[in-house]
Amino acid sequence: GHVHAYQRTKLVAFGEVIETGPVHVTVGSSGRQCCLTPFVSKKPEPWIASRDGTHYGYGRLAIFNETHAEWQ
């Protein structure tokens, strides 16, 4: 979708939900207007772990090492 609100996938690679792999995060909207735009689907797709169209702004990702990171 094109909603620039928070969205995080499950572990996904090559179009499949898998046991290990990358997590994709979409965040960073240009303003409140984007949050007034609904998601295309009312029900999240099977690969979506979390999505929230009520907040806008930016996020901060701190990577500590190859196994630990923090999202704010």
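**Confidence, fold and surface of the predicted chain**

Among the elements of the chain, helix α1 (residues 32–36) has the lowest mean pLDDT, 60, whereas strand β6 has the highest, 92. Here pLDDT is the predictor's confidence in each residue, from 0 to 100, and helices (H or I, at least four residues) and strands (E, at least two) are DSSP runs, numbered from the N terminus. The average pLDDT of the chain is 80, and 78% of the residues score at least 70. Where pLDDT is low, the predicted coordinates should not be read in detail. The structure is a predicted model, in which local features need pLDDT of at least 70 and side-chain atom pairs count only at pLDDT 80 or more, while totals for chains, interfaces and linings use all residues. Residues are numbered from 1 along each chain as its sequence is written, and side-chain values use heavy atoms, with hydrogens and water left out.

The chain contains one helix and seven strands, which follow one another along the sequence in the pattern β-β-β-β-α-β-β-β. Three of the strands form an open sheet with antiparallel pairing and the order β4-β1-β5. Its edge strands are β4 and β5 (48–52), each of which pairs on one side only. Two strands are taken to pair if DSSP finds at least two bridges between them; the antiparallel strands β1 and β5 are joined by four bridges. Within this arrangement, Y6 stands opposite D52 in β5.

Strand β1 (residues 6–9) also includes T9. This residue counts as buried because its relative accessibility is 11%, the classes being buried under 20% relative accessible area, exposed over 50% and partly exposed in between (1.4 Å probe, protein chains only). Apart from neighbours within four places in sequence, T9 is in contact (heavy atoms within 4.5 Å) with P22, V23, H24, W47, I48 and A49. For the chain as a whole, residues 24 or more positions apart account for 43% of the contacts with a separation of 6 or more. Of its 72 residues, 21% count as buried.

The loop between β3 (16–17) and β4 (25–26) contains T20, and I18 lies in that loop between β3 and β4. T20 counts as exposed because its relative accessibility is 64%. I18, by contrast, is partly exposed, with a relative accessible area of 30%. I18 and W47 are 29 residues apart in sequence, and their C-alpha atoms are 9.7 Å apart in space. When neighbours within four places in sequence are left aside, I18 is in contact with L11, V12 and A13.

The chain exposes about 5900 Å², of which carbon and sulfur atoms supply 56%. Accessible areas come from the Shrake-Rupley method with a 1.4 Å probe; for residues, only the protein chains shown count as cover. On the surface, V23, V25, V27, L61, I63 and W71 form a nonpolar patch with about 540 Å² of accessible area together. Patches are made of residues with over 30% relative accessible area and no salt bridge, like charges being joined within 9 Å and nonpolar side chains (Val, Leu, Ile, Met, Phe, Trp, Tyr) within 5 Å. A salt bridge is a side-chain nitrogen of Lys or Arg within 4 Å of a carboxyl oxygen of Asp or Glu. One member of the patch, L61, is placed in strand β6 (residues 61–63). L61 counts as exposed because its relative accessibility is 52%.
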